[in-house]
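Reader: I am new to this structure. Please show me how to read its features.

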Amino acid sequence: MTGLLTLARALAVGYWRDRLALFFSILFPLVFLVIIGGLFGGDTTPRFPVVVVGEVEVFDGLPPQTRAQVDQVLRISHSPDLAEALEQVRRGDQSAAIVQQGSEVVVHYSAGDPTAVGAVRGVVDALVQGANLAAAGQPPRYTVAAEPVEDESLQPIQYLTPGILGWAIAAAASFAAAVTLVSWRQNGLLRRLSLSPVGVPAVVGARVLVSLGIALVQTVVFVGVAAGLFGLRLADSWWLAIPLVLAGTLAFLSIGLLAGAMVKTVETANIVTNVLVIPMAFLSGSFFPLSLAPEWLRTCSLVLPLRHLNDAMQDVLARGVGVASVLPQLLALLGFAVVCSAIAVWRFRWEDA
């Protein structure tokens, strides 16, 4: 028994001193807990944002108790402009736009978020049925229709592919830059390269060139698999994904370089890039729509480069927007790359101190 307790104590102490194991078993899951808790705002049921256009009687005449129940599922805003409301649905800012046309209540939805469509349609159907039951003995007062804001051929894969592709580009670029820089500095290769005829600009340029090539290959593979196996249909402006992929790669290369300039070991570089990229993917809508998140979190996510990459890639691959619409995101990615690269150069060192 004494030997058992001694060995158990030694293993526990060893585990406690192993920062990598401690991080991935305790601290990293806590990061996800905080993120998921923040995304859903502490609510047990997510609230889906919808915009009501003009007067919709089944919503306007709700008694307070029923309205409170509806508010637990829907986050309702109002707009007098149907065209603007439909555009908000296309952009993903709203889960649906609801308008009344005579006795028909029309739910305009996006094909990219079937979960939200089902929830919104369920609430509207319940309200319409309640109004019709209140008029028992008379013809139904209202009917419900659902219309997609995009072409009916669009499928959820149109919206899943850009987000997952953005996360893949971010992970590959940041990990490659951080691990390469740290490992080369650890084994002295970085210092030897600086003294060789090749020169530092050629070394950095080679790393950037390889990362850009990998990102383009990732894009071709992702789009090819999504098109061949899951029916992805590219919008006319698909070619705008190429400069966006290149700009996104540069942005995340700069993050990797910054991480590599500040840490001393490959293990630490892996931890830092994991902490940066994986939570960013959740906060930027790579895996599920940000419409489920509270307003403050969606606003805060605008400082994340992956949010801009995901939004822009979705615009050009699924929504078919033009150059002017994605230019702000493109400039944001390039600006992020410049700022992070400048900080990385400032913190750069040839050898570990």
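**Reading the features**

Author: Leucine 234 has 38% relative accessibility and so counts as partly exposed. Buried means under 20% relative accessible area, exposed over 50%, and partly exposed in between (1.4 Å probe, protein chains only). This is a predicted model: local features need pLDDT of at least 70, side-chain atom pairs count only at pLDDT 80 or more, and totals for chains, interfaces and linings use all residues. Residues are numbered from 1 along each chain as its sequence is written, and side-chain values use heavy atoms, with hydrogens and water left out.

Reader: Where is leucine 234 placed?

Author: Leucine 234 sits in the loop between helix H9 (200-230) and helix H10 (241-262). Helices are DSSP runs (H or I, at least four residues), numbered from the N terminus.

Reader: How many salt bridges does a search of the whole structure find?

Author: Side chains of opposite charge can pair when their charged atoms come close. The cut-off is a side-chain nitrogen of Lys or Arg within 4 Å of a carboxyl oxygen of Asp or Glu. The search finds one salt bridge. Aspartate 311 pairs with arginine 307, their closest N and O atoms 2.7 Å apart. Both belong to helix H13 (residues 305-319), and because they are four residues apart, about one helical turn separates them. Aspartate 311 is partly exposed at 27%. Arginine 307 is buried at 12%.

Reader: How many disulfides does the structure hold?

Author: A disulfide is a covalent bond between the sulfur atoms of two cysteines. The test is a pair of cysteine sulfur atoms within 2.5 Å. This structure holds zero. Cysteine 300 is partly exposed, at 43% relative accessible area. Cysteine 340 is buried, at 9%.

Terms used:
Helix = DSSP H or I, 4+ residues; strand = E, 2+ residues; numbered from the N terminus.
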